[in-house]
Each structure stands twice: as structure tokens, then as C-alpha cells.
Amino acid sequence: MTILAILHYPDARLHTIAKPVADVNDDIRQLIDDMAETMYDAPGIGLAATQVNKHTQLILVDTSKDKSQLQVFINPKITAKSGEQDFDEGCLSVPNIYESVTRAENITVEALDRNGKKFSLNADGLLAVCIQHEMDHLLGKVFVEYLSPLKRNRIRAKMLKLARGYDER
Ligand code: NI
């Protein structure tokens, strides 16, 4: 397995729209394994393929405390949603920034698993937040885009400063 490089906001590649996976094959399963290692190493509770510059409809989520419940969603679609919740979100592509975002409280999501088998899942709370956040990445959307332009520009400036810092090391 390989730890993959995570794109950081405001990298334009984060705004790429991901294509559906046509065939759940060994290449996809390799990507899933590499993404899982990358997510746990970070550490994070969710990762979209977009964030590792692979523009295919694949997200991983593990909201368990002991990191034992990896959930894989290929070509995910939200088929039902209800309610509202506010949650302080973070993102591996926007390190050390946490901001409140309003999302659906309950969702039903349909997707394919790592064997290409279709499944449906009802989620609420943190898991629902995480799935919605990761699915946004597949549409080229980063959570800071829900914030006011003022806040978003501040974050953007901070991230650019940080990136320059990395380069100077
Ligand atoms: Ni994210």
C-alpha cells in the first residue's frame, strides 16, 4: 500500500468533477487500499478520490473511534434526505480549519461496495455529515465554499501562506 499525496485548498484540481466508476476492478480496489492507508495515516475520518487527484466517484468513510469500520462508496447517490444539522467540519485538504456547515440530518445513500455490489445505507449524525462532505468533493466542492466570501478568502490566504512555508523548508 502507498500513502498518497493529498491536494490542499485552493488547488484548482479540487474543483474537478469526478466520473462514475465503470468497472469495479483490481485497479479500483488498489486505489481503495491506498486511500484507506492515506486516510488513517493523516488521520482523517473521510477521504474522496478527488483529494488524491483521482477523479473517479469513490469515497471512504470511517467514523468509528477505533478505526475499525471502513465504509467504501463507489458511485454514491443520495436517494432521500431529511432534517438539518450544524456541524463543525474539517477537511484533510484544508488543514487545521474547522467551520460550521448546515447539512441534512438523515440521508439514504445508494452505492457500490468494493466488490461492485449495490447497497443502500441509512445514515444520521456524524456519518451523514461525513458522507455528504465527501460526496461534495466528487462534485468539485470543498466545504469552505459554504462559508461567507470573507471567511473563505481569509482561509484561502492562510492556506497560500502555509503552502509558501512548505516550499521554503
Ligand atoms: Ni474534505
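Is Asn75 buried or exposed at 15% relative accessibility? Asn75 counts as buried, and the legends below take a friendly walk past this residue and several others. This is a predicted model, in which local features need pLDDT of at least 70 and side-chain atom pairs count only at pLDDT 80 or more, while totals for chains, interfaces and linings use all residues. Residues are numbered from 1 along each chain as its sequence is written, and side-chain values use heavy atoms, with hydrogens and water left out.

View 1. Asn75 has phi near 50 degrees, a positive value in a residue other than glycine, and lies in strand 3. Here buried means under 20% relative accessible area, exposed over 50% and partly exposed in between, with a 1.4 Å probe and protein chains only. Helices (H or I, at least four residues) and strands (E, at least two) are DSSP runs, numbered from the N terminus. Asn96 is also not a glycine, and its phi is positive at about 65 degrees. Asn96 belongs to strand 5 (residues 94-103) and, at 66% relative accessibility, counts as exposed.

View 2. Cys91 (SG), His133 (NE2) and His137 (NE2) are the protein donors, lying 2.1 to 2.2 Å from the nickel ion. Donors are N, O and S atoms within 2.8 Å of the metal (3.2 Å for Na, K and Ca); water is not among the atoms, so sites may look incomplete. Along the sequence, the donor residues follow the spacing C-x41-H-x3-H. Distant parts of the chain are linked here: Cys91 is in strand 4 (residues 85-91) and His133 in helix 2 (residues 125-138), 42 residues apart. Cys91 counts as buried at 10% relative accessibility, and His133 counts as buried at 5%.

**View 3. Glu89 and its partners.** Glu89 lies in strand 4 and, with 3% relative accessibility, counts as buried. Its side chain is joined to that of Arg103 by a polar contact of 2.6 Å. A polar contact is a pair of N or O atoms within 3.5 Å; within protein, one must be able to donate a hydrogen and the other to accept it, and residues adjacent in sequence count only if both atoms are side-chain atoms. Contact means heavy atoms within 4.5 Å.

**View 4. The aromatic pair.** What is the angle between the ring planes of Phe73 and Phe119? The structure holds one aromatic pair: the rings of Phe73 and Phe119 have centres 5.6 Å apart and planes at 45 degrees, so the pair is tilted. Rings of Phe, Tyr and Trp (its six-membered ring) pair if their centres lie within 6.5 Å; planes under 30 degrees apart count as stacked, over 60 as edge-to-face and the rest as tilted. The pair links distant parts of the chain, with Phe73 in strand 3 (residues 71-82) and Phe119 in strand 7 (residues 118-124), 46 residues apart. Phe73 is buried, with a relative accessible area of 1%, whereas Phe119 counts as partly exposed at 24%.

**View 5. Asp62 in its loop.** Asp62 sits in the loop between strand 2 and strand 3 and is buried, with a relative accessible area of 0%. A polar atom of the Asp62 side chain lies 3.4 Å from the backbone nitrogen of Ser68 and one lies 3.1 Å from that of Gln69. Residues that Asp62 touches, leaving out those up to four places away in sequence, include Met39, Tyr40 and Ile45.

**View 6. Two cis peptide bonds.** The bond from Tyr9 to Pro10 is cis, with omega near 5 degrees, and Pro10 lies in the segment before helix 1. Ala42 and Pro43 are also joined by a cis peptide bond, with omega about -5 degrees. Pro43 is found in the loop between helix 1 and strand 1.
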